[in-house]
Amino acid sequence: MKIVGLVSGGKDSIFSLMECKRLGHEIICLAHLTPPTNIEELDSWMFQSVGSNLAQMMGECFQLPIYIETIKGKSNTNSNSNNLAYETTTENDEVEDLFRLIQKVKSHHPDIEGISTGAILSDYQRLRVENVCQRHNLVSFAYLWQRDQSELLDQIIKSGLKAILVKVAGMGLDPHKHLNKELSLLQTQLSVLNQKYGVHVCGEGGEYETITLDCPLFKKRIVIDESEIIIHSDDYFAPVGFLRVKKFHLDCETSF
């Protein structure tokens, strides 16, 4: 089937596209939701905002068209704790930003049949993507859904996908030690933190976020030239920080 990849630039959305390709689907284009100008860390339940300046380059990395929409809405839920479904179109909800983004994609590619996402554990995210798919008569492809996280992380790393941490917000993770580090170098430590504190090794509890620098589907890889660490919350047990990438370039020499 012909699909659009909804990409944050993180490991999950990119690996999901690798799975789509492996299973015979055709990736027609990419779609990305970016935070408003001058906002790097957006309090969103749906979308990753850190590293959006790199995520916007994924079109060049894949050599595919990429369509971008600004996040204007908020995480407004009209459901209770027992019902996470997005059942009623809600004004000023960020789900409607996704709806408009896919509307833009379909105006250029009316033959699109489905959307690929990197959802693993969040019903909140999955149900909202499915709502948008239903309204656009598309199929939702979430090939990472509810897979064992330790096995999935191992598969992602062994696939050759190279990602770095661009945000940390979990016990045992230190912005000054772990930001800008390759995920493959932290696999053992994430496993230890899982056993010690219950940390989700794929970051599904919001413990960390990543940006993909290279993968087997890339035609160009991302090289970071200059960055700085920004401390968002200096909590003693679980400090929150993110990587601000100030300069980067694309290199035609990928690892594959």
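The model is predicted, so local features need pLDDT of at least 70 and side-chain atom pairs count only at pLDDT 80 or more, whereas totals for chains, interfaces and linings use all residues. Residues are numbered from 1 along each chain as its sequence is written, and side-chain values use heavy atoms, with hydrogens and water left out.

Secondary-structure elements are DSSP runs numbered from the N terminus, with helices (H or I) of at least four residues and strands (E) of at least two. An open sheet is formed by four strands in the order E7-E6-E9-E8, with antiparallel pairing; two strands pair if DSSP finds at least two bridges between them. From one strand to the next, the twist averages 25 degrees. Angles run from 0 to 180 degrees between N-to-C directions, and axes are lines fitted to C-alpha atoms, for helices over the stretch in contact.

Six bridges pair strand E6 (residues 162-168) with E7 in the antiparallel sense, and Leu165 is placed opposite Thr210 in E7. Helix H8 (residues 183-197) lies across E6 and E7 and runs at about 60 degrees to E6, contact being defined as heavy atoms within 4.5 Å. E8 and E9 run antiparallel and are joined by eleven bridges. Ile224 has Phe248 in E9 as its bridge partner. The hairpin that joins E8 to E9 passes through six residues.

Pockets were located on a 1 Å grid over the protein atoms alone; a pocket is an open set of points where a 1.4 Å probe fits, with protein on both sides within 12 Å along at least five of seven lines, and lining residues have an atom within 4 Å of a point. Grid points are joined across faces, edges and corners, and a volume is the space filled by probe spheres set on the points. The largest pocket holds about 890 Å³ of space. Its lining comprises 35 residues, of which Met46, Phe47, Gln48, Gln125 and Glu209 are the closest to the centre. Two or more lining residues come from each of helix H1 (11-22), strand E2 (26-34), H5 and strand E7 (208-214). By class, the lining of the largest pocket contains 13 nonpolar, 15 polar and seven charged residues. In this scheme Ala, Val, Leu, Ile, Met, Phe, Trp, Tyr, Cys and Pro count as nonpolar, Asp, Glu, Lys and Arg as charged, and the others, Gly among them, as polar.

The volume of the second largest pocket is about 250 Å³. Sixteen residues line the second largest pocket, and Pro35, Ile39, Glu40, Ser52 and Asn53 lie nearest its centre. Helix H2 (52-55) and strand E9 (240-251) are the elements that give two or more residues to this lining, and E9 gives the most, with three residues. The lining of the second largest pocket divides into six nonpolar, eight polar and two charged residues.

Positive phi values occur at Asn137, near 60 degrees, and at Gln146, near 55 degrees. Asn137 is in the loop between helix H5 (123-135) and strand E5 (139-141), while Gln146 is in the loop between E5 and helix H6 (149-158). Relative accessible area is classed with a 1.4 Å probe on protein chains only as buried (under 20%), exposed (over 50%) or partly exposed (in between). Asn137 counts as exposed because its relative accessibility is 71%, and Gln146 counts as exposed at 55%.
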